[in-house]
Amino acid sequence: MKSPWHLWAVGALTLLFNAGGAVDYVMTQTQNADYLAQFSAEELAYFQSFPSWIEGTWALAVWGAVLGSVLILLRSKWVVGVYAVSVISMAITFIHNFLLAEVKMYDVVGAEAIWFSAFIALITAATFLYARIMAGRGVLR
């Protein structure tokens, strides 16, 4: 089946969007001083307090979304499973950060943390649903 034009648009736009998350992840994990200068001391202490299992779910969420966008562009049916892992990992990370952590993200970063996280979750979930639809239509192989 021929690829619809929107497959390329969704793949490219989500790859750009997810690249932003990848840059944030790499800069945070490598302790890039210039990048981290934008955060307050309280925010840095919060981000550095993540347990290793949350670092892991964050990594799966970010890199799963990047890989998922690449797989959309490659028209691979594997995108559905990869995005499912990303969405689940993101949900676990957000549940920890907003509900289970001793210090909640919104207490440190403010209400914008909720809105920004919700926006990221919406884009990722929508991309997952889009991939499922494209797989169901036989666009992905």
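Q: What follows H1, and what is its phi like?
A: Gln 31 comes after H1, and its phi is positive, near 60 degrees. This is a predicted model, where local features need pLDDT of at least 70 and side-chain atom pairs need 80 or more, while totals for chains, interfaces and linings take in all residues. Residues are numbered from 1 along each chain as its sequence is written, and side-chain values use heavy atoms, without hydrogens or water.

Q: What makes Asn 18 part of a helix?
A: Asn 18 falls in H1, residues 5-29. A helix here is a DSSP run of H or I with at least four residues, numbered from the N terminus. H1 has 25 residues, so it qualifies.

Q: How does the span of H1 compare with the one expected?
A: From first C-alpha to last, H1 reaches 36 Å, close to the 36 Å expected. That expected span is 1.5 Å times one less than the number of residues.

Q: Why is Asn 18 called buried?
A: Its relative accessible area is 9%. Buried means under 20% (over 50% is exposed, in between is partly exposed, with a 1.4 Å probe and protein chains only), so Asn 18 counts as buried. Other buried residues of H1 include Leu 7, Gly 11 and Tyr 25.

Q: What does Asn 18 touch, leaving out residues up to four places away in sequence?
A: Ala 65, Val 66, Ser 69 and Tyr 83. A contact means heavy atoms within 4.5 Å.

Q: What makes a set of residues a nonpolar core?
A: Its members are buried Ala, Val, Leu, Ile, Met, Phe, Trp, Tyr and Cys residues joined through side-chain atoms within 4.5 Å. The largest one here has 17 residues, and Tyr 46, Phe 47, Phe 50, Met 105 and Val 109 have the most contacts inside it. H4 gives the most to this core, with 5 residues. Apart from it lies another core, of 13 residues, including Leu 71 and Ala 131.

Definitions and conventions
Helices (H or I, at least four residues) and strands (E, at least two) are DSSP runs, numbered from the N terminus.
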